Amino acid sequence: MIKTEHLSKHYGALVAVEDVTFEVKPGEVLGFLGPNGAGKTTTMRMLAGFVTPSAGRASICGHDVEQAPLAAKSCLGYLPEGAPAYGEMSVRGFLEFIADLRNLGTARNARIEYVIGRLQLASVLEQSIETLSKGFRRRVGLASAIIHDPPVLILDEPTDGLDPNQKHEVRTLINEMAREKIIVISTHILEEVDAVCTRAIIIARGRIVADDSPRGLASRSRYFNAVTVRLERPDQLAATREALAALPAVAEVEVSERESRLTALPRAGATILPAVSEFASRHGLALQELHLESGRLDEVFRSITA
């Protein structure tokens, strides 16, 4: 388990993190979200033992990060922002070096081959790290974080710099590892939260402002249970908007003329899909699309952190 209790970090008069308390249990993938400067990276560095808290405490698998740093770090795989490495080393040499630091013993060669294959590094094994693209450097950093098969992973922007295919591979890997590990990822990519996280914490101005499942956060959106329709005939937009706005449970209708699309937003607690569907059928509207919205995480994020 990861556990923080009233964790704070001050730099003089600057409050980076203030009174942060949470737990993460095995099987959870926690997304740590927040705007730039919110305190995400500082919190993760304190968890990993790279920054000393001004107050409070953190523990990894029962080991206090300050009082038992070696025991805590032995349970941890940490991918920091920027993932520093020895640029003059080859990829193979660097992974062998990390494996030796971790004292992997008889599992050494198998673990090296596993991360090479899993992160598709075979084509760059003999290249020096300084010559790699940003995406490959990120993959080498992730390989070094998981090479010792730790029970806890703390990953700061794990897909930063990766192309769409590489992002898919890393997200798949995170989902596979989540069955047996505790994983915390910091990300500014909200689609990543839906793709891999079972829970999300939003931090703003150094404090936790939300802690819920991605679905629970999305349900706070004004678009939760909204209904979006896309018309085949743009000339029907104005009349359709007026008619949808007149439905008793509809609070507002948004229009995108460029896409011939309308979104009907429900009044608090209302369900409008049956009424909108019945309206479209009764009036013979030619629709390209009709779907029920589950909420928009980006809108919730902006409203909470503004």
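Predicted model: local features only at pLDDT ≥ 70, side-chain atom pairs only at ≥ 80, totals over all residues.
Helices (H or I, at least four residues) and strands (E, at least two) are DSSP runs, numbered from the N terminus.

Residues are numbered from 1 along each chain as its sequence is written, and side-chain values use heavy atoms, with hydrogens and water left out.

Is Thr228 buried or exposed? Its relative accessibility is 1%, so Thr228 counts as buried; the term buried means under 20% relative accessible area, exposed means over 50%, and partly exposed lies in between, with a 1.4 Å probe and protein chains only. The Thr228 side chain makes a polar contact of 2.7 Å with the side chain of Glu293. A polar contact is a pair of N or O atoms within 3.5 Å; within protein, one must be able to donate a hydrogen and the other to accept it, and residues adjacent in sequence count only if both atoms are side-chain atoms. Leaving aside neighbours within four places in sequence, Thr228 is in contact (heavy atoms within 4.5 Å) with residues including Arg261, Thr263, His291, Glu293 and Arg296. Arg296 also lies over the face of Tyr223, 3.7 Å from the ring centre. For such an arrangement, NZ of Lys or CZ of Arg must be within 6 Å of the ring centre and within 35 degrees of the ring normal.

Let me turn to the protein as a whole. Its secondary structure comes to 11 helices and 14 strands. Along the principal axes, the C-alpha atoms fill a box of roughly 70 × 45 × 35 Å. Of the 306 residues, 49% are buried. Among contacts with a separation of 6 or more, 66% are between residues 24 or more positions apart.

Arg199 is placed in strand S9, residues 199-204, and is buried, with a relative accessible area of 12%. Its side chain is joined to that of Glu28 by a polar contact of 3.4 Å. Not counting residues up to four places away in sequence, Arg199 touches Phe22, Glu28, Gly31, Asp211 and Pro214, among others.

A pair of aromatic rings is described by the distance of the centres and the angle of the planes. Rings of Phe, Tyr and Trp (its six-membered ring) pair if their centres lie within 6.5 Å; planes under 30 degrees apart count as stacked, over 60 as edge-to-face and the rest as tilted. By this rule there are 3 aromatic pairs. In one of them, Phe22 and Phe32 have ring centres 5.8 Å apart and planes at 45°, so the pair is tilted. Phe22 lies in strand S2 (residues 14-24) and Phe32 in strand S3, so the pair ties together parts that are 10 residues apart in sequence. Both Phe22 and Phe32 are buried.

Phe50 and Tyr78 also form a tilted pair, at 5.1 Å centre to centre and 40° between the planes. Phe50 is in the loop between helix H1 (40-47) and strand S4 (55-60), and Tyr78 is in strand S6 (residues 76-79), 28 residues apart. Phe50 counts as exposed at 58% relative accessibility, whereas Tyr78 counts as buried at 14%. The charged end of Lys73 sits over the ring of Phe50, 5.2 Å from its centre.

H5 has 13 residues and reaches 19 Å from its first C-alpha to its last, close to the 18 Å expected at 1.5 Å a residue; the expected span is 1.5 Å times one less than the number of residues. Of those 13 residues in H5, 11 are buried. The buried residues of H5 pack against S6, helix H3 (91-101), H4, S7 and H6.

Which residues of H6 are buried? They are Gln166, Val170, Arg171, Leu173, Ile174 and Met177. Seen down the axis of H6, these buried residues fall within an arc of 155°, so they line one face of the helix; the arc is that of the directions from the helix axis to the C-beta atoms. The face of H6 turned away from the buried side carries the exposed residues Pro164, Asn165 and His168. At the start of H6, a side-chain oxygen of Asp163 reaches to within 3.0 Å of the backbone nitrogen of Asn165.
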